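These are my notebook entries on a structure that I looked up. I set down each item in the order in which I consulted it.

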Amino acid sequence: MSTAATTAESTSDARSRRFSILAERDINRETYVEEWAEAGLTVTDSPYDPLPGLHIADGQVMEMDGKNRAHFDALDLFIADQALDLSVVEEAMATPSHQIARMLVDINVPQPAIRRLAGGCTPAKLCEIVRQMNVLEMMMGLGKMRVRKTPANQAHVTNWRENPALLAADAAEAALRGFAEIETTVRVARAAPFNALAILVGAQTGRGGVLTQCAVEEALGLRLGIKGLTSYAETLSVYGTEKSFVDGDDTPWSKAFLASAYASRGIKVRFTSGAGSEALMGYAEQCSMLYLEARCLLATKGAGSQGVQNGSISCIALPEALPGGVRAVLAENLLASMLGLECASGNDALASHSALRKTAKLMLQLIPGTDFICSGYSAIPKQDNMFGGGNFDAEDFDDWTVIQRDMQVNGGIRPLNEADAVAARRKAAQALQAIYAELGFPPIREEEVEAAARAHSSDDMPERDMVADLAAADRFLGSAANLADVVAALHRRGFEQVAANLLEMGRQRVAGDYLQPAAIFEDGFSVLSGINDTNDYTGPGSGYRLEGETWDALQRIPQQKSPRDFIDAQIGDPLPNLAEISPARVGANPNEIVVAVGPAYGRSLVKTIGELDHEAVLEALLTGVAQEGFYGRVVRVYHSADCAAIGHTGARLSGSGIAVGMQSRGTTVIQKRGLAPLNNLELFPQSPSLTLEIYQAIGRNAARYAKGLAPLPVGVKVDNGARLRLIVKTTLLHRRETEDVQEKAPQELYFRWEPDV
Amino acid sequence: MTNNKNGDYPLYANRIDSLRAASGRALHDLSLQATLTEEISSADYSISPQTLRAQAEVARSAGYPQLAQNLERAAELTAVPNETVLEMYEMLRPHRCSFEEYQELARRLREEFKAPTTASFIEEAGAVYQARGLLRTDRF
């Protein structure tokens, strides 16, 4: 074996420590693959995607995207005959795609102008428009094209045990947190009527007007709606190829009929589509995910659905395995909005192991705002999420509200304090308990109510007889009992407000205002939709602005404190044994060290940021000085609160030319006469980490420098988080010190204390 | 918030006096008291075909013609009983029916349920299913 080969071998055997650590990171638990168009594994640009084109004759589309009508599949026919606005197709197709892309970004072009043109665009044309855009431009477009001016969010509420009291409590909390819609589903299909009832009662306890749904098989879903237990449905899946559509056991016509069936019972409908589903089903027909999604969206529009949940939804990990996948998902949200569809923009299924990657992706929808930022924010912990786990869950509530507060962006979740949450949860569980008692369902015990009020997950709930619940749910579904019986039961048991809210949901169903695009209810059952809350964005100062009462509410997170009493611990009465005696003079004693303190030291402030007594700190410093056989002089600097200036002045006054300069918050420097103010012998900026032992060592080192020695600098453990935790306190302590700054010469202090050495 | 362009939307706020449920019950009579003292059926809190048509008109004037058509089909489907609606949906799923069965379904919608728009929609589906091989087959 040659030497070169040996070297190569040993190099490949020994791993880089850094690369080993990187390999263990969350981001490297995901799968990344190259594009493969033939397998449908390409997000926005497949060489097999058709080019835009359209030919009309006798008021009928004869050719679309390079395909003759004779070769149209069912989806092509549906799009051509139901979705395209033939009055505008010629103009739209003749307008250069890059021009429409620019209109999306141009603040001078209002939403309706683009919406009109988009109505005449074929699937390939829609793709050609958004392909020209980077994510920033897409976000600009999304902010303008979003159907409802006011953004909102949707929650998922489920639990593994199907515990009704916990479902009601979690729904109440989610409603109180501001979610405009709450969706549940089942682990066991037969639990559906009870789960739907539990989140309905919970949601209306938390906040009247929250729309709710239970994701189950269509026939059952419709029955729940008719009974008044749900008010919307969104699991009507559509696909971008005929074969995957048929594999999903539907056609555009069957889905459109179903949409009308739901609407006929007063139930809001949203379709579901998204990048990757066709590839996952094996029928992508070599096309890009974006092109297939454009077809889905036109089918959705053609069917008359008011909206769609897209953004890949449960397939999200597939586009994210590919280059540009997150951009493609944003592109499909934008397409939905361009077409006038309410968009619940994904951010629901678990998309990454990496918190950084999840958050980065979220920004694409959160910052522009969508009709529902998440098509299901898991308002419960992951283990209770029967949709397969959420990308963001109950443990991320505070992260979310802080991000909203940071950016002054409304992501549809309100801050909530613990007492309000527990009270609403308890009331919801009690309301459901009352209904169960009145309607003869298996009783909800007091201990279940109390556990639900304070629970985090179903692990915190007592056991419950699920078999009995399922049998009762069957009977409830089969009986004539309906929303009105639930309302009456609540009323009889004294839950008037919950009863009134439930009844109001029924009354609103009679009016049907929430069937309009992107409709939700604000507080007080005031409907907001694309009809009366139209997105009028035309640049800065227009469109939705987070301001006024809503901004006040979103910034008021329970963790927020008043800064006014932040430094109460440091404020006190002047130290009785630290007296000012005369203006300080330049010392002549080569064995003296000056300890120069800031204007507030021992006067208005009496403790360091680490809450060490100023008196004890002075004692420690002077003890260190004395240990080296030196004498310590204490001087107060008045003209500056700056640590460098205090140390510099001290050194000028020191007989040895060495001084310790110290601010009231404890930041310390060892300074030598003649050095520039911002140069020094040793600097201790991390005042919260300084201990009395360290101050004593600082005193010792100061004296050693004065002796002409070269001591080992005092070691202070670096605490990376100190500045992060204490910056507000630091600011306020410094502000207090600067208040004591005066145009006055340094003063000699008498410190009544003798070192014990 | 309301402007003339939106007609009477929201109907709840602007037309509450004339709103009636599918059963004919006036919205005013759907009260908490009524739930205690009267038999309330699901038709008492179901939307009526008239209201669905009014909402269709709102959608059309706001530039949502397909949603308007959907709401018009929905208005027609209010006449179809729950179980029948589900049966019709099942019939429209791929490979369920013959061409003639779709024609029969359309006839029934037109004559029995006075649902001409939905009937035409079903006929269109039948024709596409025939052209695309989505009619019932005995292959499997």
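Entry 1, a strand pair. I began with A:Ile593, whose bridge partner in strand 16 of chain A is A:Gly632. The model is a predicted one, in which local features need pLDDT of at least 70, side-chain atom pairs count only at pLDDT 80 or more, and totals for chains, interfaces and linings use all residues. Residues are numbered from 1 along each chain as its sequence is written, chains are lettered from A and ligands numbered from 1 in the order in which they are written, and side-chain values use heavy atoms, with hydrogens and water left out.

I then looked up the two strands: strand 15 (residues 592-597) and strand 16 (residues 631-636) of chain A pair in the parallel sense over 6 bridges. Strands here are DSSP runs of E with at least two residues, helices are runs of H or I with at least four, and both are numbered from the N terminus. Two strands pair if DSSP finds at least two bridges between them.

Entry 2, the sheet. In chain A I found an open sheet of 7 strands with mixed pairing, in the order 14-20-16-15-17-18-19. Strand 14 (578-583) and strand 19 (682-684) of chain A each have a single partner strand, so one side of each is left without a neighbour in the sheet. From one strand to the next the twist averages 30°, the angles running from 0 to 180 degrees between N-to-C directions of axes fitted to C-alpha atoms.

I noted 29 helices and 20 strands in chain A. Its C-alpha atoms fill a box of roughly 105 × 75 × 65 Å along the principal axes. Of its 757 residues, 61% count as buried, that is, under 20% relative accessible area with a 1.4 Å probe and protein chains only, where exposed is over 50% and partly exposed lies in between.

I recorded 69 residues of chain A in contact with 61 residues of chain B, contact being heavy atoms within 4.5 Å. The two chains bury about 5500 Å² between them, 62% of it on carbon and sulfur atoms; this is the accessible area (1.4 Å probe) lost on putting the two parts together, summed over both. A:Trp253, A:Phe257 and A:Val510 supply 14% of the area that chain A buries against chain B, more than any other three residues.

Is B:Tyr129 buried or exposed? I found it buried, because its relative accessibility is 0%. B:Tyr129 sits in helix 7 (residues 116-131) of chain B. Beyond four places in sequence, its contacts include A:Thr251, A:Trp253 and A:Ser254, as well as B:Leu92 and B:Tyr102.

The largest has 97 residues, and A:Trp253, A:Leu334, A:Met338 and B:Leu109 have the most contacts inside it. A core is a set of buried Ala, Val, Leu, Ile, Met, Phe, Trp, Tyr and Cys residues joined through side-chain atoms within 4.5 Å. Helix 15 (residues 289-302) of chain A gives the largest share of this core, 8 residues. Among the contacts of B:Leu109 beyond four places in sequence, I listed B:Leu77, B:Val80 and B:Ile122.

The assignment, automatic or from a database, gives domain 1 (1-78) and domain 2 (79-140). B:Arg73, B:Glu76 and B:Leu77 supply 85% of the area that domain 1 buries against domain 2, more than any other three residues.
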